[in-house]
Amino acid sequence: MKRFFWVLLIVVLAIVGCDRDEEQSSNTRMIRMEIERSGNVSFDDYSLMAHQTFGKPIWLDDDYLIYYKAKLYRASLNNSDYQQLLPDSIDCYGYGITYSLEQQKIWFCNEYGLWCCNFNGGDINKISDVPLKEIQLSNNENFISGYRIDRANSLCLVDLASGDMEEQSTEYSVQKVFYNEDLQKLSYLCYVMDNKNSTQVRVRKRDGSQDQVAINFGNIRVENVQVSASGRFLAGTIADDGPSSYPLPIYDLQTGRTIQFTEVRSFAMMPDEDELYMLPGSGKYFSIVRYNLITGELTELHSGIVGAYHLYYLNELMMKADGSKIRITGWGERENNDRRLL
């Protein structure tokens, strides 16, 4: 009889536990949201977190372009049917890639130099014998900038028409380089080792003169630094698709002025206009905002509330290459009408 009682008790507790688990999980919802430039929003349930086994994708027309370590891949929007673009004889070591929607080209590096191909992996050409890292296309798409793989204190500029390369040195460890053709200025993210140690964005003229600090992030690691479509504005933050908020400083190369948003979880520059999408975070939740870098106009695209769910965690922000759509994956918690969490 005692044995029967204990068996019955265990069964009852297991059922109650399952009910609690189901009740708890029903309060959380994973949502994939797609926002058009016009402001139209659509969303669907997203049951599993997307694991990118080939690296972080770049969203081209109807497909992703994906790179990871030694190869370059293309895949459908739902991360299926991966296709290797480059032949086995040509590597792409994941040093970074850049691309042009207008020219339908991708530029990449390996130990033999700088290369380009089209979006289907064909028409492969070698541009320069010098391999670079974290390559970036200039605002008018005539130059590639980066730093040498064997010299992290270098600033390199490759003329895509001739293949000629200019190289300058700096006393700092370079992480990214941008070039503005109109203003003839090089901007670079670097780590400055001195008595305080800091991560900075510095700006200099193309001839190497007038090197100065544009943004000082302090003694933190910063990787998410981007440049606007015209090459005029630089912005960066420690935040990159996470639950925490950090400052987002924005520097104007033309005027030398800096503005700063205090709480941003992630951001992405528009590819064709001097605008950016950002996810400001106030406390636990976030919204989705478009910011015009020229006029200073803020437009809320979405409040972060989907039905009874208030989004509180961002997994990824991804922009289509032509700037027509963004995709956001997030978690939400179900709430009462009085905004108390259930």
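Arg204 counts as buried, with a relative accessibility of 7%. This value, like the others in this briefing, comes from a predicted model. Arg204 forms a salt bridge with Asp211, and the closest N and O atoms of the two are 2.7 Å apart. The count of salt bridges comes to 14, and a search of the whole structure finds 2 cavities of 30 Å³ or more. The points below take up the salt bridges, a pocket, a cavity and a nonpolar patch in turn.

**Salt bridges**

- The partner of Arg204 is Asp211; Asp211 has a relative accessible area of 26% and is partly exposed.
- Arg204 is called buried because its relative accessibility is 7% and the term applies under 20%.
- Lys71 and Asp91 form a salt bridge in which the closest N and O atoms are 3.0 Å apart. This pair links distant parts of the chain, since Lys71 belongs to strand 5 (residues 71-76), while Asp91 lies in the loop between strand 6 (83-84) and strand 7 (98-100), 20 residues apart.
- In this pair, Lys71 is buried, with a relative accessible area of 11%, whereas Asp91 is partly exposed at 22% relative accessibility.
- Arg290 and Glu275 meet through their side chains in a salt bridge of 3.9 Å, N to O. Arg290 is part of strand 25 (residues 288-292) and Glu275 is part of strand 23 (residues 275-282), so the pair ties together parts that are 15 residues apart in sequence.
- Arg290 and Glu275 are both buried.

- The volume of the second largest pocket is about 200 Å³.
- The pocket is lined by 13 residues, of which Phe233, Asp252, Arg257, Ile259 and Leu293 are the closest to its centre.
- Strand 21 (246-252) and strand 22 (258-269) are the elements that give two or more residues to this lining. Strand 21 supplies the largest share, 3 residues.
- By residue class, the lining of this pocket divides into 7 nonpolar, 3 polar and 3 charged residues.

**The largest cavity**

- Rolling a probe the size of a water molecule over the atoms shows where empty space is left.
- The largest cavity holds about 60 Å³ of space.
- The residues that line the largest cavity are Leu137, Ser138, Asn139, Phe178, Tyr179, Asn180, Ser187, Val227, Gly231, Leu234 and Leu253.
- Strand 15 (residues 173-180) contributes the largest share of this lining, 3 residues.
- The lining of the largest cavity has 6 nonpolar residues, 5 polar residues and no charged residues.

**A nonpolar patch on the surface**

- Ile220, Ile238 and Tyr246 form a nonpolar patch on the surface, and together they have about 220 Å² of accessible area.
- One of these residues, Ile220, is found in the loop between strand 18 (212-218) and strand 19 (224-227).
- Ile220 is partly exposed, with a relative accessible area of 34%.

Conventions
Residues numbered from 1 in each chain as written. Predicted model: local features only at pLDDT ≥ 70, side-chain atom pairs only at ≥ 80, totals over all residues. Heavy atoms only, no water. 1 Å grid on protein atoms, 1.4 Å probe; cavity = no way out; pocket = protein on both sides within 12 Å on 5 of 7 lines; lining within 4 Å. Points joined across faces, edges and corners; volume = space filled by probe spheres on them. Helix = DSSP H or I, 4+ residues; strand = E, 2+ residues; numbered from the N terminus. Nonpolar A, V, L, I, M, F, W, Y, C, P; charged D, E, K, R; others polar. Salt bridge = Lys/Arg side-chain N within 4 Å of Asp/Glu carboxyl O. Buried < 20%, exposed > 50% of the residue type's maximum accessible area, 1.4 Å probe, protein only. Patch = residues over 30% accessible without salt bridge, like charges linked within 9 Å, V, L, I, M, F, W, Y side chains within 5 Å. Areas by Shrake-Rupley, 256 points an atom, 1.4 Å probe, with all protein chains shown as cover.
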